[in-house]
Amino acid sequence: MVLHTTPYSSACLHFLDGLSWSLVFPCYWLLDQLLASCVATSLEKRQRSQDPCSFLTLCVLISAPLYLLLLLASLPFALLGFIIWAPLQAVRQPYLYTYRRPDKYQAEQGQAGPGGACIAEWRPQGRSFCFCSANVCLLPDSLARFNNLSDTHRRAREVGKRIRNGASRPQIKIYIDSPTNTSISAASFSSLATGFRRTSSLDQRPDQTHTTNGPADTENEPLTECPIHITGATDCPVHPFAVDQASSECPLHPDGGDTTADCPVHSSVTNGSSDCPVHTSGEAPDCPMHSTGAQSGQGPHDCPMHGEGTQTKPCSDCPVHTSGVQISISAPEPDPQEEEAETGNHRPGEQAMGDTGSMTASRESLTRYHGGDGGIGISSNNTLSHVPRTSVFKRPGRKRRHGDETFDHEISAFFPANLDFLALQEVFDHGSTTRLRRQLHHYFPYVLSDVGRYGWKGCCSRFKFLNSGLMLASRYPILDARFECYPNGRGEDALAAKGALFAKVHVGTSHQEQRVVGYLTCTHLHAIEGDASVRCEQLDLLLQWGAEFRQASSQPPEGEKVLEDLVAFDVVLGDLNFDNCSSEDKLEQQHALFTQYKDPCRLGPGEDKPWALGTLLDPSGLYDEDVSSPESLQKVMENEEGRKEYLVFPPSKSQCPASSQKGRKIPLKGNGRRIDYMLYSDEGLQQDWKLEIEEFSFVTQLASLTDHLSVAMRLAVSTGEEEP
């Protein structure tokens, strides 16, 4: 179980590989640019049609002949480099494992320490893990243009930024203990006069002190602003004097008068209390906020809002009573190395101008929702700030439970917070791999990249010009990994070393010092339509290789006696290139994979759950204004007509498969082609351990950067034990 940290076993081979690639690269780059200049995206066509004499058109006319001339001049050097490079691929490692010391926030959460990860003791009540899969279409620029995408290196950097910013954004949870008040809305917003603390995505109740990755460094932060209103608000029933000291709009003295001098809310000499939403320090025995009844919500006679005997139970609109509500926030510290100015999600016109940076879906995610009335939100220092209140507490129509569904599902503009595992497909371009890996390492300490073989190797009989395109990132230590190449690729798909990447991760340690582990499989199947038999053969191999990997990785080293590993989960993620609604994919829909693994979106062969969404976007519409940003794409995907316009559906008999779907009036089946999957298995778990889906998301944050929607799933592992 040795992870490969370098492409070659010796420095000499590594040097020869670098030398040969330096000879090949100029020819490769020039050929890529020459072909790219001949294939325009819909955005470039639109720009040229608006201005035929534009600078972009002139650049193409001048650069194409220049690229061709330089390409011919570089061919002899490329041939020499290829002769050296091709044989080296036979001894190249199948993947590259990299580790980067976690950022300050991750270290505080107990995720890692000096020289390695710090794995927490496995909690009796279990733990939850968040998984995500995305096809990012990072092909060489000339090939990406056939999917209406361009500027692969810029897209790779932006994809990495959006993923890490989305995963590391503050996560807000609202806990309600009162049986009479089970929902929070913007209208009852002022009742949330409670403290804030940092937490993990795992916290099920406010009083727990553990985080996702280990023992909590839970920090009760003092309130620096009023939790009822933002500084300077004019409509706060507690602090109306924040704007006008002489204001008589006091909830205690609506008629004004001289009694305001004795008002415990208006008093400027009252000492503070750390538990009081008005006082920030000390203790004020005269403050009605501090009284036992007011704090517990059981003493209405002490509440200045209710008056004596006027209320028999806590009022949801009372700024004093909290109704058992507590707000929980998780937010990593900003990366000190990221000093570059970052904007948000970009419009297509901005993308064409080059890299513009991104703070997409980090702390800005709390303000980028569709605007509403002013409310409160969370700023970068976890204090309250002026953002649309609906962006924080309630956004109707996003998270839903359908019928008897036991978990939430949503279409989200952001990657889930506290993301633990990320599986990517189509990371083919070498330069893009480096840029993407560098961005992901700001959040994920452990990354498997550059996966697959080039040239000729073993079962891959045909020469491979591209690797597998797979990448796996993890917040937990990777114990073992293996890559297997599918031997039955056909056509243009055979030019890439498509296969399956298996990984074993260490997620905890039991009381008996047993390791708690999880198994991940990332794959990308054959893409050519009509080749169902090829994909079924690949699925057979996937199950076979997975079983062999789990068996081999569970064997202890020779001569050593160790306790057996406890398996927490076994998850398959990736682009399977078939859906569950097309009649052409019936063979794959009935494969044994779906008896061994469970699909949260599936009812049965050929039938998805009503809320399941297609993940393949129509490439012709990627740059339309309606879907050019994560928020706008999210809005379109929530609308049935929008889905029909911008998702790819199974081909109709009355339509040519190669034609565009935009604006067609023929009947459509389902909610589009869902070819990106997240499957989990509860076989092989410990006795009494159970897996439950907490939430499932279709993510639009990579809008205009790829032609796929991302999918995410949060999986809860319960052990059946009780907290001691």
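Reader: Before anything else, what are helices and strands here?
Author: Helices (H or I, at least four residues) and strands (E, at least two) are DSSP runs, and they are numbered from the N terminus. Please keep in mind as well that this is a predicted model.

Reader: Can we look at a sheet? What order do the strands have in the open sheet of eight?
Author: The order in this open sheet is β1-β12-β15-β11-β4-β24-β23-β10, and the pairing is mixed. The edges are held by β1 (96-99) and β10 (408-412), and each of these has a single partner strand, so one side of each is left without a neighbour in the sheet. From one strand to the next, the twist averages 15°.

Reader: How many bridges join β23 to β24?
Author: Strand β23 (residues 690-699) and strand β24 (residues 710-718) run antiparallel and are joined by nine bridges.

Reader: What about glutamate 426, where is its place?
Author: Glutamate 426 is in strand β11 (residues 421-427). Although it is not a glycine, glutamate 426 has a positive phi of about 60°, and with 13% relative accessibility it counts as buried.

Reader: Switching topic: how many residues of β18 are buried?
Author: Strand β18 (residues 515-524) is mostly covered, since nine of its 10 residues are buried.

Reader: In what sense do β17 and β18 pair?
Author: Strand β17 (residues 499-509) pairs with β18 in the antiparallel sense, over nine bridges, and within that pairing lysine 504 stands opposite tyrosine 519. The hairpin of β17 and β18 has five residues between the strands, and in this hairpin glutamate 513 takes a positive phi near 65°.

Reader: And how do β18 and β19 run, parallel or antiparallel?
Author: They run parallel, with nine bridges joining β18 to strand β19 (residues 566-575). Here cysteine 522 stands opposite leucine 573 in β19.

Reader: Where is alanine 527, then?
Author: Alanine 527 is in the loop between β18 and α10 (532-553), and with 32% relative accessibility it counts as partly exposed. Apart from neighbours within four places in sequence, its contacts are Asp493, Lys498, Arg535 and Asn577. Alanine 527 and phenylalanine 578 are 51 residues apart in sequence, yet their C-alpha atoms are 8.2 Å apart in space.

Reader: Last topic, helices. At what angle do the axes of α6 and α9 cross?
Author: The axes of helix α6 (residues 152-167) and helix α9 (residues 430-440) cross at roughly 20° and come within 8 Å. The two helices are therefore roughly parallel to each other, and their crossing is right-handed. Among the residues that make the contact are His153, Ala156 and Ile163 of α6, together with Arg435, Leu436 and Leu440 of α9.

Reader: And alanine 36, is it in a helix or a loop?
Author: Alanine 36 is in helix α1 (residues 11-36), and it is buried, with a relative accessible area of 6%. Leaving out neighbours within four places in sequence, alanine 36 is in contact with Asp141, Ser142 and Arg145. Between the C-alpha atoms of alanine 36 and serine 150, which are 114 residues apart along the chain, the separation is 8.4 Å.

Technical notes: Residues are numbered from 1 along each chain as its sequence is written. This is a predicted model: local features need pLDDT of at least 70, side-chain atom pairs count only at pLDDT 80 or more; totals for chains, interfaces and linings use all residues. Side-chain values use heavy atoms; hydrogens and water are left out. Buried means under 20% relative accessible area, exposed over 50%, partly exposed in between (1.4 Å probe, protein chains only). Two strands pair if DSSP finds at least two bridges between them. Axes are lines fitted to C-alpha atoms, for helices over the stretch in contact, and angles run from 0 to 180 degrees between N-to-C directions. Angles under 35 degrees count as roughly parallel, over 145 as roughly antiparallel, 65 to 115 as roughly perpendicular and the rest as oblique. A crossing is left-handed if the near helix is turned anticlockwise from the far one by less than a right angle, and right-handed if clockwise. Contact means heavy atoms within 4.5 Å.
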